[in-house]
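Visitor: I would like to learn how to read a structure like this one, feature by feature. Could you take me through it, giving the general idea before each case?

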Amino acid sequence: MSKLANQAQLAVARVAPQWPLPQWVAVNPLWEYRQQPLTEVAAQWRYCGNVALTMSPEFYQQHYEQGAIEPALVTDDMRRQLTQLSDTPRWQNISHLVDRYQQRRRKMLWHDEVVFQISQSCGLFMQFPRRFQGQGKDSSLYQHWLTISRADRGIETLMDEADLNELFAELPDSPDALFEACEQLWFGSAPSAAAEHYCQALIIDVLGWASALSYQDRQHGSQWLLELLAIRMAWDYLLWQLADRTNQAVFEPIKQDFEQQLRDSDDAVAAIIAQQQSLWQWQRAYEQSQLSALKFKPAADADRNDSPQLQAVFCIDVRSDRYRRALAQAGREHGMTVNSKGFAGFFGVPLGREQGDQQIPHVPGLLQPSFFVRQQSPDKSFKDLLSRSFNSPASMFTGVEALGLAKLGELLKGIKGSLDTAQFDADAEIYHNGRAVTCEQLAELCAQALTGMQFTQFAEHVVLVGHGAKHSNNAQRAGMNCGACGGQTGALSARVLCHLLNQSAIRQRLSEHGFAIPQATQFYAALHETVTDDIVWLSEDVPAQVKQTFASASAQLQQQQPNRATRANHWAELRPEWGLAGNQALFFGNAGRLADDAVQGRSFLHDYDEALDADGSLLTALLSAPGLVANWINWQYYTAVTDPQRMGSGNKLLHNRVANDIGVFEGNGGDLRLGLAWQSVHDGSDYVHKPVRLSVIIEASEPRIHKALAQAGDFNQLYQNQWIDVYRLNPRGELCRLQHQ
Amino acid sequence: MFDWLTISGIRPVLLILVGVLAMVVLRYSWRNFRLDPRRSVFMRYMTLCLTAVVVLILSNHMLLFFAAWVSISLLLHQLLMFYPERDRAVLAAHKKFILARCSETFLGIALVLVYWQTGTGYLDAALASISQQPVGLLQHAAAIALVMAALIKCAQLPLHGWLIQVVEAPTPVSALLHAGIINLGGLLLLVTTPVWSVSTPAIWLLCLVAVVSCCLAALIMATRISIKVRLAWSTSAQMGLMLLEIGLGYYDLALLHLVAHSVYKAHAFLSVSEVAYVKQSEARSLPRVVVVFFGFQLACLGAALLLTGSPKWLPSALLAMVLATIWMNLNRWGWRLLLSLALLSAYALLVWAAGNVMDNRSIDLALELAVAGIVNLFAISYWLIHHTPQYAISQRWFISLNAGLYLDEWLTRFVLWLWPSHPIHYYQSRNNVAVKGKLYEQTR
């Protein structure tokens, strides 16, 4: 294998996946860079793709002047350096260089057209698998692209380049041969860092498709991402030859520039690291200022209900924070002692739904479901049939004339918001490895979940509260649902676990596992609808007192923020709610430690009691699972704010679903878009999400934290390399940095 | 002054349609731009544009008609340029701008010629007087100019590219364009029938361009990868059919088509982000579909002959295509019958209703047979290309169709040469300055 092919392999391995729209969950787009210090990665991305991972100098300046950055955290040096930042060097792919040196003012720009053409080819490949993926996962994306490009008679015309088809015909027939050819052409004597930066720069050009194909490769074991990189490189190879063949006056400066940057690339990155240093100091000062709004009580004052009448388990999602506090308040008003817990919204049950030949996971992105619920695929309704008859060329003409008016009703009313409350019949079977599960397996599953949730006693009423967002007409709606349930609502998980825990056969076996659930205890399933803060009850026979307590919590929140029902039910609404915007901290501990005036809705709250975790293995598990999920969410929001163009999916008004919902375009074409939309982080006048890295706050002793960190490999890498920050909450209610060991 | 306005013929139907669309689209946009700093700008252009459409429908004077026609396009231009920092949006808007001026030139020529012949600027008087005159060269010229204006306005091949590319504009603009403005070509021909319907060259031009456009655009639509672009191609095809129906003299069908398509397309665009799992059509045996299709076609022809006294070649072919599709997609006899009956009765009822608004013209048999032949060819090639990927010819055609048959590239190149869409952007990128879109800049 050539050196370049080797670098290509490494580069594609560092692309984070992006899930298709129906399962669209938050991802840290830089997840595969966690072994590297953030400052280094930020400089590389700035150099290779002009991607920003900090805010602009003006942002920090402005926030400093407005007092949003505490003056005590800012040194004179920092202020001086902020005004002295100059433009940083930037890697130029050959398509960029051609655009720069060729006179193309009255022509289509190469770079634009290259991305467009690659994007359309990938879309075709994914939209029509039966036609273009004849060999399943072994089908070659590169071959597909080559066939289409060689047959194309349009690009020559469009770009006004007569030799293009000849050059397409001469392109190497496989990715390996192409890498070989490019290596000979460019990288004979170049330092290896240059090849690394080049591959990375090419990938960033088509990062949207790269991320989508990375997901496909991980699912099916295909090699499409590597082939995508080869396609992008083939375009550069081709443009190089085109310039060489047709215009030496253009070719000479391109050659000079490109060879120069092959030699300089390592130094350039080093220079950017040095220059960005002060920005990172400002970023840290900003983060610390933001964190000061999150206050904690001393341990002695913490709210603790030792024998509650009502226990409610919520997802750790930041939107649960406000509801949990309202519920505690409502409990006090209704004379009901309430204890709420935070746990990942799939409640520790790795479920999936089988529908026809589809498998829909209800677990966090890092896990695979192992227990399945089978469901009938929904009946083809009249509406579906209607839509299909309008979309097929054979039926659309008279079909529209005869039935087009049937859409009038919905056109006038709009599409109301919908919320998936899932179906689960009491006698439905659950499958594990294709076989119906035994009672013992289910009991083990329940025991695992209860251990995770640290149940030591059971109140009379225990409510499992999943969450989901009711709205419509949003391509990225899965992102508003429960990330721990794979972008679905938490309804199925809550229903299934409740059903199991209420069965006497399972309770009997659970007592062998050390969980004595009293006869009187009943579990109920509910769904927290996050747009309106309503509660949808999934269980029947919920006692009136429980319902009332929840209803009054909802009413309290709705009073603070009225008129939200329209947002849930209007099909033109682009901001039904703010999702996880604002997230800044993940707290492992007793949520009762939060001060009453602590900032709301910005923390993931996960219950953890050090006393119940004898060997510290639970804390390790928490850091390695919810810890990583929170990091993924945090970095998705963070990057969507630092660089909305490259790491966000742009304007929702222009969203255009692509290739069986693999993702969205913004407008007509261009690259597939990645990450959160502009409207998800910005309210038209300011950012709603504050770009801060996640602070993980742990209520435990110092040695315990160090031990858990040492064992939680990925999390520790994130911490060591400054992707997240870790604090210890001491008994006095102060946040302490960890001592280095 | 009231002479300048009229509400005769099909105008009440169109007014109601535009009223409903205006209400829906404005309400939608108001909510869509809820927190957008440029909400009022958007609403202003949207409202002005809709007002101009209403004026156009009501106008009875050539000057007013022309003025409204031009203002619609200029106001739409503002909406298409709503994000001037997006190169591709600007390119599409420029292309549309140039073609709109061409369409207006043809319209202007036609109106001047009609005025010259009749000596009056009032549409009703001019149309009444022209139908009493013998058909001369001038009228043929006027007829061809009208047809050209309509063909360009309705984005017929090969001047269709702008319609596909302006999906770069916010969704409500697409809804307004595809459900409202694009129909104006049809409106133009429907209100000026006395001018062009007596000119055989104009009719043949109209029908042949429309039928080819309609069939190719429909075939291309099914090869595209994004939802909005598919919808845009579908509009081009549907407009082709509407113009074809007008050209052949099925005015009732054309009117029905205009209304029903507007409702459907507005809905389709406004709900474009509603994620739903769409199953792909199954591969199937080509001979079987074709046999079923011909069977239905014969039945339709026979039934039409029996009920109306004429075989109605084009509607029968189109109806047979739907029935064949229903038949092949469902596998229960009950469902097949039920759905076919529902479709047929809805269709018959609506055609009857539309027939009450506008009478048909007698139909040129040779033309209709030619058109029906092409439509048959289209149906068979659709099933060949889209349902039998195993044939090499299917694969080759599919790839060419997906590229839009390379029809639009010349125009794009010409437009870029004439009117560069990246003046600022281009020079900044040459000087290696990072450019950020306006949308993002406002907030710093």
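Guide: Let us begin with sheets, for which one idea is needed: two strands pair if DSSP finds at least two bridges between them. In this predicted model, 5 strands of chain A form an open sheet with mixed pairing, in the order β4-β3-β5-β6-β7. Its edge strands are β4 (358–362) and β7 (435–436) of chain A, each of which pairs on one side only.

Visitor: In what sense do β5 and β6 of chain A pair, and over how many bridges?

Guide: Strand β5 (residues 371–375) of chain A and strand β6 (residues 430–432) of chain A are antiparallel, and their pairing extends over 3 bridges; within it, Val373(A) stands opposite Ile430(A) of β6(A).

Visitor: Which helix lies across β3, β4 and β5 of chain A?

Guide: That is helix α21 (residues 491–501) of chain A, which runs at about 110° to β3(A), the strand of residues 351–355.

Visitor: What is the strand order of the other open sheet, the one that contains β15 of chain A?

Guide: The order there is β12-β11-β15-β16-β17 (chain A), again 5 strands in an open sheet, and the pairing is mixed. Since β12 (603–607) and β17 (735–737) of chain A stand at the edges with a single partner strand each, one side of each is left without a neighbour in the sheet. From one strand to the next, the twist averages 25°. Strand β16 (residues 725–729) of chain A runs antiparallel to β17(A) and is joined to it by 3 bridges, and Tyr727(A) has Arg737(A) in β17(A) as its bridge partner.

Visitor: Turning to helices, at what angle do α15 and α16 of chain B pack?

Guide: Helix α15 (residues 313–329) and helix α16 (residues 333–357), both of chain B, pack at about 155°, with their axes 9 Å apart. Angles over 145 degrees count as roughly antiparallel, and therefore α15(B) is described as roughly antiparallel to α16(B). The crossing of α15(B) and α16(B) is right-handed. On the α15(B) side the contact involves Val322(B), Leu323(B), Ile326(B) and Trp327(B), which meet Arg336(B), Leu339(B), Ser340(B) and Leu343(B) of α16(B); by class, this contact has 6 nonpolar, 1 polar and 1 charged residues.

Visitor: How do the axes of α5 and α14 of chain A cross?

Guide: The axes of helix α5 (residues 94–101) of chain A and helix α14 (residues 224–246) of chain A come within 8 Å and cross at roughly 35°. Helix α5(A) contributes Ile94(A), Ser95(A) and Val98(A) to the contact, while α14(A) contributes Trp235(A), Asp236(A), Leu239(A), Trp240(A) and Ala243(A). The residues of this contact divide into 6 nonpolar, 1 polar and 1 charged.

Visitor: How many residues of chain B are in contact with chain A?

Guide: There are 81 residues of chain B in contact with 82 residues of chain A. On the chain B side, the largest share, 10 residues, comes from helix α13 (residues 251–270) of chain B, and by class that side divides into 47 nonpolar, 20 polar and 14 charged residues.

Visitor: Where in chain B is the pLDDT below 50?

Guide: For chain B the mean pLDDT is 87, and 92% of its residues reach 70 or more. Over residues 426–444 of chain B, however, the pLDDT is below 50, although this stretch has 24 contacts in the model beyond near neighbours in sequence. Where pLDDT is low, the predicted coordinates should not be read in detail. The model scores ipTM 0.92 and pTM 0.92.

Conventions
Residues are numbered from 1 along each chain as its sequence is written. Chains are lettered from A and ligands numbered from 1 in the order in which they are written. This is a predicted model: local features need pLDDT of at least 70, side-chain atom pairs count only at pLDDT 80 or more; totals for chains, interfaces and linings use all residues. pLDDT is the predictor's confidence in each residue, from 0 to 100. Two residues are in contact if their C-beta atoms, placed from the backbone, lie within 7 Å. Axes are lines fitted to C-alpha atoms, for helices over the stretch in contact, and angles run from 0 to 180 degrees between N-to-C directions. Helices (H or I, at least four residues) and strands (E, at least two) are DSSP runs, numbered from the N terminus. Angles under 35 degrees count as roughly parallel, over 145 as roughly antiparallel, 65 to 115 as roughly perpendicular and the rest as oblique. A crossing is left-handed if the near helix is turned anticlockwise from the far one by less than a right angle, and right-handed if clockwise. Ala, Val, Leu, Ile, Met, Phe, Trp, Tyr, Cys and Pro count as nonpolar, Asp, Glu, Lys and Arg as charged, and the others, Gly among them, as polar.
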